[in-house]
Amino acid sequence: MIISKFSSLHLQVERVYKTLGIGATPIAWSETFTALQQGVVDGQETPYAAIQSMKFGEIQKYLTETHYLFQIEPVLMSESLYQAQSDTVKQAIDKAGDEAEAYSYQYLIDTEGQIKKNLIENYGMQISDLEDEQEWIEKLQKEVWPKYFAEVGGKERVNELLKAMGRDAL
């Protein structure tokens, strides 16, 4: 399994896979297609939109859906630059970030089904569900999630999200 270094998220994902007993190899995002094509690695972990845009369907026949992570594209800015702004500018930045997050979330909802359909119809990709997914989720909730509570606003914020998704709180 490879993890592409397209964001700092790769370190968190690597920890997740290690917890699950999976060997993960971080590689440069620009090398992912070639590494898969040449068999240097035998899998990658990215959202459907990236799989489509990178044309991984041309070289990848199998896909297993995992649901351990949901990420909306982050809005990134230097903390020192942000803090140097006036309150009015900070509010505008925060508002733009909230709007971008809402747009990204809606885009994922609106397009994921069609992308999956395209991967199956245009590339013959076989998409399956992860076996024993609930077991994996429980292990991650106990061993990995607590390490990141502070980064995402606390356990309460995680529970709010779980509730919004119709899942049980931790």
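Among contacts in the protein chain between residues at least 6 apart in sequence, what share joins residues at least 24 apart? The share is 57%, where contact means heavy atoms within 4.5 Å.

The model is predicted; local features need pLDDT of at least 70, side-chain atom pairs count only at pLDDT 80 or more, and totals for chains, interfaces and linings use all residues. Residues are numbered from 1 along each chain as its sequence is written, and side-chain values use heavy atoms, with hydrogens and water left out.

The mean pLDDT of the protein chain is 84. A value of 70 or more is reached by 89% of its residues. Confidence is lowest in strand β1 (residues 2-4), at a mean of 39. It is highest in helix α2 (residues 32-37), at 93. Over residues 1-7 the pLDDT is below 50. Beyond near neighbours in sequence, this stretch has 34 contacts in the model.

The protein chain has seven helices and four strands. Helices (H or I, at least four residues) and strands (E, at least two) are DSSP runs, numbered from the N terminus. The order of elements from the N terminus is β-α-β-α-α-β-α-α-β-α-α. The accessible surface of the chain comes to about 11,500 Å², as given by the Shrake-Rupley method with a 1.4 Å probe, where for residues only the protein chains shown count as cover. Carbon and sulfur atoms hold 50% of this surface. Of the 170 residues, 30% count as buried. Buried means under 20% relative accessible area, exposed over 50%, and partly exposed in between (1.4 Å probe, protein chains only).

In soluble globular proteins, nonpolar side chains tend to be buried together. A nonpolar core is here a set of buried Ala, Val, Leu, Ile, Met, Phe, Trp, Tyr and Cys residues joined through side-chain atoms within 4.5 Å. The largest nonpolar core has twelve residues: Ile27, Phe33, Ala35, Leu36, Val41, Tyr48, Ile51, Phe56, Leu63, Ile115, Leu119 and Met125. Helices α2, α3 (48-53) and α5 (87-123) each supply at least two residues of this core. The most come from α2, with three residues. Alanine 35 is in contact with Ile27, Val40 and Val41, leaving aside its neighbours within four places in sequence. A second, separate core has nine residues, including Leu20, Phe149, Val158 and Leu162.

The structure holds two aromatic pairs. Rings of Phe, Tyr and Trp (its six-membered ring) pair if their centres lie within 6.5 Å; planes under 30 degrees apart count as stacked, over 60 as edge-to-face and the rest as tilted. Tryptophan 29 and phenylalanine 56 form an edge-to-face pair, at 5.9 Å centre to centre and 80° between the planes. Tryptophan 29 lies in the loop between β2 (25-27) and α2, and phenylalanine 56 in the loop between α3 and β3 (62-65), so the pair ties together parts that are 27 residues apart in sequence. Tryptophan 29 is partly exposed, with a relative accessible area of 22%. Phenylalanine 56 is buried, at 0% relative accessibility. The rings of phenylalanine 33 and phenylalanine 56 have their centres 6.3 Å apart and their planes at 20°, so this pair is stacked. Phenylalanine 33 lies in helix α2 and phenylalanine 56 in the loop between α3 and β3, so the pair ties together parts that are 23 residues apart in sequence. Both phenylalanine 33 and phenylalanine 56 are buried. Ring pairs link Trp29, Phe33 and Phe56 into a cluster.

Helix faces were examined next. In helix α6 (residues 133-143), the buried residues are Ile137, Leu140 and Gln141. They cover an arc of only 100° around the axis, which puts them on the same side of α6. The arc is that of the directions from the helix axis to the C-beta atoms. The face of α6 turned away from its buried side carries the exposed residues Glu135 and Lys142. In helix α7 (residues 155-164), Val158, Asn159 and Leu162 are buried. These residues cover an arc of only 100° around the axis, which puts them on the same side of α7. Exposed residues Glu156, Arg157, Glu160, Lys163 and Ala164 sit on the face of α7 turned away from its buried side. Glycine 166 follows α7, and its phi is positive, near 80°.

Note on methods: pLDDT = per-residue confidence, 0-100.
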